[in-house]
Amino acid sequence: MFIESFKVDSPNVKYTEGEIHSVYAYETTDLVLENRDGIHQWIVKPKSVKYEFKTDTHLPKFGVMLVGWGGNNGSTLTAGVIANREGISWATKDKIQQANYFGSLTQASTIRVGSFSGEEIYAPFKSLVPMVNPDEIVFGGWDISNMNLADAMARAKVLDIDLQKQLRPYMEQMIPLPGIYDPDFIAANQESRANNVIQGTKKEQVERIIKDIREFKEKNQLDKVVVLWTANTERYSSIIAGLNDTMENLMASLEKNEAEISPSTLFAIACVLENVPFINGSPQNTFVPGLIELAIHRNSLIGGDDFKSGQTKMKSVLVDFLVGAGIKPTSIVSYNHLGNNDGMNLSAPQTFRSKEISKSNVVDDMVASNAILYEPGEHPDHVVVIKYVPYVGDSKRAMDEYTSEIFMGGKSTIVLHNTCEDSLLAAPIILDLVLLAELSTRIQLKAEDEGKFHSFHPVATILSYLTKAPLVPPGTPVVNALSKQRAMLENILRACVGLAPENNMILEYK
C-alpha cells in the first residue's frame, strides 16, 4: 500500500510551527582487545548514545547555480524542471509522454514506514522531512560558452524535438554568466567553446564569482543558494607543499596568482568564503587539502565527487553482492564509449586520468570488508577504458566483465551491457544533490554529552549515495556499497522524525 504523507506520534518527536525536534537512541558497538584468562580476544560491547535532532521546517526560496549551465547536464536538468513545473506533455514515437522526475531518489523513490493489516506500507522518500519542491527552484549559472539554454538544449540532442519546441520560449532568454577558462586543466578541444570567460587574476576571478552569487541571490530574492560543478572534467591538480596543502598556503597562493589552482577550486573557494554549499559533480580533485581545511574552518558545506549514474552505480551493487555472498571477484574490466562533449573532453589523457581514478576506487571498501576472500594488500585486477565515439552522442555504452573465483577453484564470469542516456541519468542526481545539500543546512544535532546543537560536518558524507568517489572528513572511512549509502541517508532522515532505522527483520511475522 502507498500513502502520500504521514506524521509520527511518539514521545520522542515533537512538531512545532517551525521545527521538528526528535530524540533518537543511536545503537552501535565498541570493540576492545582484552586479555581474559591469559588469552587476547576481541570483545564487542554494544552501546547506546542519545542524540537530539532539530529540523527547521521553513522552506526557503531556493536557487541553484550550475557551473557548466549550458552543458548537456545543465540544460537537461533546467529543461526537465521547467517541463515538470509547467505540466508539459509531448509526443514520442511510442506515446504521449508526461514530464516526471524518474531517476530522482528524493522525488521518485519510496521508504517503508510500517505495516497495516498484514500489508507493507510505503511513502515517498521526500515525505520523511520537509524538502524544497524542485518545481520552485530558480536556476542560474556560468558557462565558458555564451549560448542560451534553448540553443544549448538543441546542441545537446538529449530531449525529444517536440519537447524542445515547447521549452524553447522558457529557455531562450536564459544566458549563462561568464565562466573561468584555463586551458591547462581541460582538453584542448574545448577551446572553440570558450567565448564567455572571466578575465583577470585568480583572485579577481574568485571575487567575480562571489559578486555573481550575491547578485543572483538579490535579483531573485532568494533565501538560499547551492552551487554545483557540472562543467568539464579537469586534470588532477598537483598537491604541493606550500601551495595548496593548508588553508593558509592556498589563500596565499590565490594572492600570488599561482597557476596550479584549478577553475573548480576557484569556484569552491568563492563558495566557501560566501558560506554557500558547493558540490563537485566531476572526478577531479577540486577539494585539495587546503580547501577542505578552509571549508571546515568556516563550517561551509562541500560535497562530491563525480555523479554516480550508470556503470559505477551497477558496480557498487554487484561487487557488494558478490563479496557479501562469499564470492571472490578477481578481475573487473570496464569499457565505455560515448559521444557527447564529456566524452570529447575525456579523450585527453590528463582528464581521463581523473575519471579513471574516481571509477577505480569504488570497490575498495567492499574488498577490504572480507579478509576470508582477500589477503592483506590483495585486490582484484580493475581496468577502466573510455573512448570517444561521436556518433552515439549522449547514449553512453558501458560493458563490464566480472570474473570471480567460486567453490573449489571454479570460475564465474558475469558480462553486462548497459546503454545509459548519460544526461537523463545525471540530471535527477544533480537535483537530489542540491535538494539534500539544502536540507542538510536545516538540520542540527547534538549527542547527549554535547551542550549545544551543531550542524552536520561541513564535508557532507550524507551525499555519498549520489557520488562515485565520496568526499569524507579526514580520518573517516569511505563507504562505496550502494545499499549501505542509501541506508545511511534514509536512516539519518528517519532519526530526524524519531523513527528507528529500517532493519528489515519483520519480527512481528516470525
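User: Helices (H or I, at least four residues) and strands (E, at least two) are DSSP runs, numbered from the N terminus. With that in hand, where does D37 lie?

Analyst: D37 sits in the loop between β2 (19–36) and β3 (39–56). A word on the source: this is a predicted model, in which local features need pLDDT of at least 70, side-chain atom pairs count only at pLDDT 80 or more, and totals for chains, interfaces and linings use all residues. Residues are numbered from 1 along each chain as its sequence is written, and side-chain values use heavy atoms, with hydrogens and water left out.

User: Is D37 buried or exposed?

Analyst: D37 counts as exposed, at 80% relative accessibility. Buried means under 20% relative accessible area, exposed means over 50%, and partly exposed is in between (1.4 Å probe, protein chains only).

User: What about the phi of D37?

Analyst: The phi of D37 is positive, about 55 degrees, although D37 is not a glycine. Most residues other than glycine have a negative phi.

User: And what is the phi of S117?

Analyst: S117 also has a positive phi of about 55 degrees, and it is not a glycine. S117 is found in the loop between β7 (110–116) and β8 (119–124). With a relative accessible area of 69%, S117 is exposed.

User: Peptide bonds next. What is the bond from G304 to D305, cis or trans?

Analyst: The bond from G304 to D305 is cis, with omega near -5 degrees. Most peptide bonds are trans. D305 has its place in the loop between β13 (302–303) and α9 (311–324).

User: Now the strands. How many residues of β4 are buried?

Analyst: Six of the six residues of β4 (residues 62–67) are buried, so the strand is largely enclosed by the rest of the structure.

User: Which residues are on each side?

Analyst: F62, V64 and L66 are on one side of β4, and G63, M65 and V67 are on the other. Both faces are covered. In a regular strand the side chains alternate between the two faces of the sheet.

User: Which strand does β4 pair with over six bridges?

Analyst: That is β11 (residues 224–229), in the parallel sense. Two strands pair if DSSP finds at least two bridges between them. V67 stands opposite W229 in β11.

User: And over five bridges?

Analyst: Over five bridges, β4 pairs with β9, again in the parallel sense. The bridge partner of L66 in β9 is G141.

User: Switching to a helix. Which residues of α4 are buried?

Analyst: In α4 (residues 161–171), the buried residues are L163, Q164, L167 and M171. They cover an arc of only 90 degrees around the axis, which puts them on the same side of α4. The arc is that of the directions from the helix axis to the C-beta atoms.

User: Which exposed residues are on the face turned away?

Analyst: K165 and P169 are the exposed residues carried by the face of α4 turned away from its buried side.

User: What do the buried residues of α4 pack against?

Analyst: The buried residues of α4 pack against α1, β5 (89–91) and α3 (149–156). Contact means heavy atoms within 4.5 Å.

User: Last one. Where is the place of T403?

Analyst: T403 is in strand β16 (residues 395–405). T403 counts as buried, at 16% relative accessibility.

User: Which residues is T403 in contact with?

Analyst: Leaving aside its neighbours within four places in sequence, T403 is in contact with K328, P329, T330, S331, S412 and T413.
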